[in-house]
Amino acid sequence: MILNVSNLNKTFVGKPVLKEVSFHIEDKEKAAIVGINGSGKTTLIKCLLGEEEPDDSETIIAFAKGKKMGYLAQQHADIETGLDDFDTLSGGQKTRKRLEEILQDKPDLLILDEPTNHLDIDSIQWLEKVLKRYDGAVLLVSHDRYFLDHVVTKIIDLDNGRARMYRGNYSEYAEKKKMIRDAELKAYLNQQEELKHQQAVIDKLKQFNREKSIKRAESREKMLAKVERLEKPEELDNEMRLALTPSIQSGNDVLSVKGLSKAFGEKHLFTDVSFEIKRGEHMAIIGANGTGKTTLLKILNNLESADAGEFRLGTNVEIGYYDQEHAVLHMEKTIFDEIQDDYPKLSDTKVRNVLAAFLFRGDDVYKRIGDLSGGEQGRVSLAKLMLSNANFLVLDEPTNHLDIQGREVLEDAIKNYDGTVLYVSHDRYFINKTATRILELFENRFDNYIGNYDYYLEKKDDVRKIGGSGSSAVSAVSETAASTSGPVLKQEQKTDWELQKEYKKTIQKLERDLKNTEAEIQKLEGRNEELDDAYLNPEIAADVGRLMELHKEHEANDARLGDLYEAWETTSEKLEEVKAEAGM
């Protein structure tokens, strides 16, 4: 073990930020701290670094003796370095240079605060490879879920000030957390129902006003007093609510771009670019920093002029634009006025309701836009986007400044949006979840991929190899990609008979696994019902030791059932996928 944290408490202005936080990091382990904005991630890091003091002396923050620690801060302004030109570097270049310096010292524990901020996709992939090869332990804070999926094997979740550890990457953590939260809520509601029922029986027995009935009521009251009450899971009152609905449907042809070129002085961003977007497509534009992605969006919104070429919007197309720099916001206005001035037909109550959905409540609505954080300004921009009822959303880095919870809310809104979307993003998880098509700006041209980010990764080497020989080759590859609905099966060379035989074998195994899982679920659920009945037995209820024994067995069963439910769902989905591939 290289780091042990036990019973860490921290309060600011009477508000508990960290409550009895405990976790540990093993040698060579890769772990991440996650949580919504304001959950205490930065405070926790500062406590580990000694920049903040815990509230009480019982807290333990212990590093293994003789071990070295390296720290990469989120902000680089106060960092001391030997590099004379450090201040002239971009944010991404500073992160890379600073990390290379830290790694030269070969620390045993590397602490990273938002290391993917300011990095383009290529740089993030470089960082992933570095951390995977890194021989020491890593503890990082990040909102980049794709990055977390590929780097970490443990998640430390900060939720309402408390920490809970999960084994696995981000996706595994997210599924487990949802299952645990659902199970805790269900257990609490079931217990409340049972307590209510028992109290009703007690009240009824007392109403009979007979000696025997009163004694029975008193006996039940004693049993009830011994029941260990479950805490009510804290409700998520800090989740943004976003629904995107077009006011009218556009024509099938949404955007046509022909021969578009743009350069700034000697720097050519893109040349002779042509593409079309059809109604309902969700297209992501990706590429390294400085290649012209944002410039293209500005041209399409008439905020920048092209050097050559043209673009045309289709029939009934109404654009909703989200600018990562929030230039569409008025810094001198209050949040309330920003919304009401753009949508004067909305009543004061409606404006407040909209802002409440984006977590601006009470007097918060009278804060100046210029005084807000980047994340808060992003929420105001999203509120305006929702109210626009546009049928063609053009978004520039929409997940910047949003915490993981906010990103997931935006993902759901985009996935459920039946209009057309064109966006620039470095958030690969977001792209994977929402994109049906990808345009990569690479070497002054656009390469086309029909699919999500995983599909792009599978095909990009082939596309770039052919694309490097000339624009006609790129067109040929793009047409091939356009006719492909998903990843090509590796078994293409096999005969139909061989494929069907393999499919049948796989299906039989999955069906057996499913049957075995269902049998174990049924057995454990039956045992839990027996345990629930046992709680009501007066002899058992009076035996605290026996009650605790049964309670522990119930908890173990619940944990196992959680794994079984997850396994059943995964196996069931896999079975459906294989059957679909086999044409069954």
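Me: Two strands pair if DSSP finds at least two bridges between them. How many bridges join strand β1 to β4?
Reply: This is a predicted model, and in it four bridges join strand β1 (residues 3–12) to β4. The two strands run antiparallel. One of the positions can be named: the bridge partner of N4 is A62 in β4.

Me: In what order do the strands of that open sheet stand?
Reply: The order is β2-β1-β4, three strands with antiparallel pairing. Strands β2 (15–25) and β4 (60–63) are the edges, since each of them pairs on one side only. From one strand to the next the twist averages 20 degrees.

Me: Which helix lies across β1, β2 and β4?
Reply: That is helix α1 (residues 41–49), which runs at about 120 degrees to β1.

Me: Next, the sheet that holds β10. What is the order of its strands?
Reply: Three strands form an open sheet here, in the order β11-β10-β13, and the pairing is antiparallel. The edges are β11 (267–278) and β13 (308–313), each pairing on one side only. Neighbouring strands of this sheet are turned by 15 degrees against each other on average, direction ignored. Strand β10 (residues 253–264) pairs with β13 over five bridges, in the antiparallel sense, and S256 stands opposite R312 in β13. Helix α7 (residues 293–300) lies across β10, β11 and β13, at about 125 degrees to β10.

Me: How should I read the side chains of a strand?
Reply: In a regular strand the side chains alternate between the two faces of the sheet. Strand β16 (residues 420–424) can be read that way: T420, L422 and V424 point one way, and V421 and Y423 the other way.

Me: Are the residues of β16 buried or exposed?
Reply: Five of its five residues are buried, and the strand is mostly covered.

Me: In which sense does β16 pair with β15?
Reply: Strand β15 (residues 392–396) and β16 pair in the parallel sense, over five bridges. The bridge partner of L395 is Y423 in β16. Strand β12 (residues 282–286) also runs parallel to β16, and four bridges join the two. There, I285 has V424 of β16 as its bridge partner.

Me: Now the helices. How far apart are the end C-alpha atoms of helix α3?
Reply: They are 19 Å apart. The 13 residues of helix α3 (residues 121–133) should span 18 Å at 1.5 Å a residue, so the two values agree. The buried residues of α3 are I121, S123, I124, Q125, L127, E128, V130 and L131.

Me: How is a pair of aromatic rings described?
Reply: A pair of aromatic rings is described by the distance of the centres and the angle of the planes. A search of the whole structure finds ten aromatic pairs. In one of them, the ring centres of Y146 and Y453 are 5.3 Å apart and the planes stand at 85 degrees, so the pair is edge-to-face. Y146 lies in helix α4 (residues 145–151) and Y453 in helix α13 (residues 453–467), so the pair ties together parts that are 307 residues apart in sequence.

Me: Why is the pair of Y453 and Y456 called tilted?
Reply: The centres of these rings are 5.3 Å apart and the planes are at 45 degrees, so the pair is tilted. Both residues lie in helix α13, three residues apart, about one turn of the helix.

Me: Are Y453 and Y456 buried or exposed?
Reply: The cut-off for buried is under 20% relative accessible area. Y453 has 0% relative accessibility and therefore counts as buried. Y456, at 2%, counts as buried as well. Y146 is also buried. Together with Y449, the residues Y146, Y453 and Y456 form one aromatic cluster.

Me: What lies over the face of W126?
Reply: R96 does, at 4.1 Å from the ring centre. Another case is R379, which lies over the face of F360 at 4.6 Å from the ring centre.

Note on methods:
Residues are numbered from 1 along each chain as its sequence is written. This is a predicted model: local features need pLDDT of at least 70, side-chain atom pairs count only at pLDDT 80 or more; totals for chains, interfaces and linings use all residues. Side-chain values use heavy atoms; hydrogens and water are left out. Axes are lines fitted to C-alpha atoms, for helices over the stretch in contact, and angles run from 0 to 180 degrees between N-to-C directions. Contact means heavy atoms within 4.5 Å. Rings of Phe, Tyr and Trp (its six-membered ring) pair if their centres lie within 6.5 Å; planes under 30 degrees apart count as stacked, over 60 as edge-to-face and the rest as tilted. Buried means under 20% relative accessible area, exposed over 50%, partly exposed in between (1.4 Å probe, protein chains only). A charge sits over a ring if NZ of Lys or CZ of Arg is within 6 Å of the ring centre and within 35 degrees of the ring normal. The expected span of a helix is 1.5 Å times one less than its number of residues.
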